[in-house]
Each structure stands twice: as structure tokens, then as C-alpha cells.
Amino acid sequence: GPRLRRDVPRILKKLVDDGVLLEDHGEFNLQTRESSEWEKDYRNRVTRIQASEHEVAQQRDALLRDGLQQAIRGVKVNQGQSKTPRQIAMHFSDDPPPPGGTDVQVWVRDGWSVSEKAVLDSARSAGQESPTVFVFVPKKGAEDLNRAITQVKAAQDVLNEKGVPATDAGREARSAMQTRLEHAEATRAKLVRELIDSARVLKGGGQELH
């Protein structure tokens, strides 16, 4: 009983991933000729997107930026004894943010482009008087995130290309592809949240903020 309930979802997922079954919002069916064509198109797109590291990297960078922007939404910063309100300015670059200005500069880098040690060294060398906040997003679950990004893009492209079919078999294939897209989007969102939650935040001088 318990073992069967544990193993069946895993086996069904593998059969879907292998293209043997198609999943339509919790219902599993054998592939039809039409759904097999959709599956072939999807897999060809996955292969092409995986080969384009630049395309995947662009998607990843955009997701991380959006996730960090969402994380600071609503955060208010009041500086000094006068409690002067300050805006938070996110800075995504290999180069430090420009000096001056009244915003709180948050310099964000990630493990795909720089080492954690390099970010820590930057924070330490800036000194305790530095107004910059240093953020490092670790390179965790890189393969899983790349796979989810690829699956989302491939499924979206198939749905956009094929449109709304006129046959029942075609509509079933489209619904299954929509289910695949929703699963991939949920996985991608979860992985991005985990990355944002694991980010290190440092003050000038290297003190970590929690």
C-alpha cells in the first residue's frame, strides 16, 4: 500500500518524461499519433534550447532579477537618526554601482558569473563606512533550473506555434502540453525562490545581514 502510493507517481512521471504517456491535468493517457507529433516537436525544441547556453542564461538572469525585485517590494529603508527615507536601487553588474546619490545601492552578483569569495572580498575591501549592500546568489541546483527554463520555453513555443487544434485528439495534445508547461513553470518558480532565499547579504566590511 504505502510503497505503491509512493512509487506510482514517480513511475507515471517517468513515463510522461519518456514520452510514453501524456498527462492532462492529473489524467494519464497513452500517446496518440497527433500527441506524438506534439511530443516530437517539444523534444526537438528542448534540444535546440539546451544547445543555446546564451538563451538559457538570459532567461535565468531575468528570473533572478525579477525574483529579487519581488523580494524587496514593500521594503522601506529609513537612514540615520533623522529616519530619512531611502529608495533601494538594485545594481546587476560585474562592476560596482556608481558612487554618490541618495539611494541605497544593492550590488547583486551570482555564482554563475563570480565566486562567493570575490563578493565577500568586495564587501570587506569597501569598509564599514560603505553605503553599498552586497548580495551573492549562489549557483545552486544549476542543472535543475536550466532544465526547467528549457522546458518552459519549449512548451510555450509549441503551444504558440500550433495554436488551437480543430480535432479532439489535437485538443487533448494541446491540453497535455499546457499541463507540461504548468508543471515546468511551478518547478522553475520553486527553484528561483530557493535561490533567492539562500542569497547572502553583506554590509560594507563583510558583516552578514540575516
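**A loop residue and its surroundings**

Val114 lies in the loop between β6 and α4, where helices (H or I, at least four residues) and strands (E, at least two) are DSSP runs, numbered from the N terminus. This is a predicted model, in which local features need pLDDT of at least 70 and side-chain atom pairs count only at pLDDT 80 or more, while totals for chains, interfaces and linings use all residues. Residues are numbered from 1 along each chain as its sequence is written, and side-chain values use heavy atoms, with hydrogens and water left out.

- Val114 counts as buried because its relative accessibility is 17%; buried means under 20% relative accessible area, exposed means over 50%, and partly exposed lies in between (1.4 Å probe, protein chains only).
- Not counting residues up to four places away in sequence, Val114 touches Arg109, Val119 and Phe136, where contact means heavy atoms within 4.5 Å.
- Although Val114 and Pro138 are 24 residues apart in sequence, their C-alpha atoms are 9.5 Å apart in space.
- Ser113 also has its place in the loop between β6 (104-110) and α4 (116-126), and it counts as partly exposed because its relative accessibility is 45%.

**Phe136 in strand β7**

- Phe136 belongs to strand β7, which covers residues 133-137, and this residue is buried, because its relative accessible area is 5%.
- Leaving aside neighbours within four places in sequence, the contacts of Phe136 include Arg109, Asp110, Gly111, Val114 and Ser115, and also Ala199 and Arg200.
- The C-alpha atoms of Phe136 and Thr150 are separated by 24 Å, and these two residues are 14 residues apart along the chain.

- Helix α1 (residues 2-17) has 16 residues and reaches 24 Å from its first C-alpha to its last, which is close to the 22 Å expected at 1.5 Å a residue; the expected span of a helix is 1.5 Å times one less than its number of residues.
- Just after α1 comes Gly19, which takes a positive phi of about 80°.
- Helix α5 (residues 142-162) has 21 residues that should span 30 Å at 1.5 Å a residue, and its end C-alpha atoms are 30 Å apart, so the two values agree.
- The buried residues of α5 include Ala142, Leu145, Ala148, Ile149 and Thr150, and what covers the buried residues of this helix includes α2, α3 (53-72) and α6.
- Just after α5, Gly163 takes a positive phi of about 65°.

**Helix α6 and its packing with α2**

- Two packed helices are described by the angle between their axes and the distance between the axes.
- Helix α2 (residues 33-51) and α6 pack at an angle of about 35°, with their axes 8 Å apart; axes are lines fitted to C-alpha atoms, for helices over the stretch in contact, and angles run from 0 to 180 degrees between N-to-C directions.
- The contact is made by Glu34, Ser35, Trp38, Glu39 and Tyr42 of α2, together with Ala169, Gly170, Ala173, Arg174, Met177 and Arg180 of α6.
- By class, the contact of α2 with α6 has five nonpolar, two polar and four charged residues, where Ala, Val, Leu, Ile, Met, Phe, Trp, Tyr, Cys and Pro count as nonpolar, Asp, Glu, Lys and Arg as charged, and the others, Gly among them, as polar.
- Ser175 has its place in helix α6 (residues 168-197), and, not counting residues up to four places away in sequence, Ser175 touches Asp24 and His25.

**The protein as a whole**

- The secondary structure of the protein comes to six helices and nine strands.
- The radius of gyration of the protein is 22 Å, well over the 17 Å that the globule rule gives for 210 residues, so the protein is more spread out than a compact globule; this radius is taken over C-alpha atoms, and the rule is 2.2 Å times the number of residues to the power 0.38.
- Buried residues make up 37% of the 210 residues in the protein.
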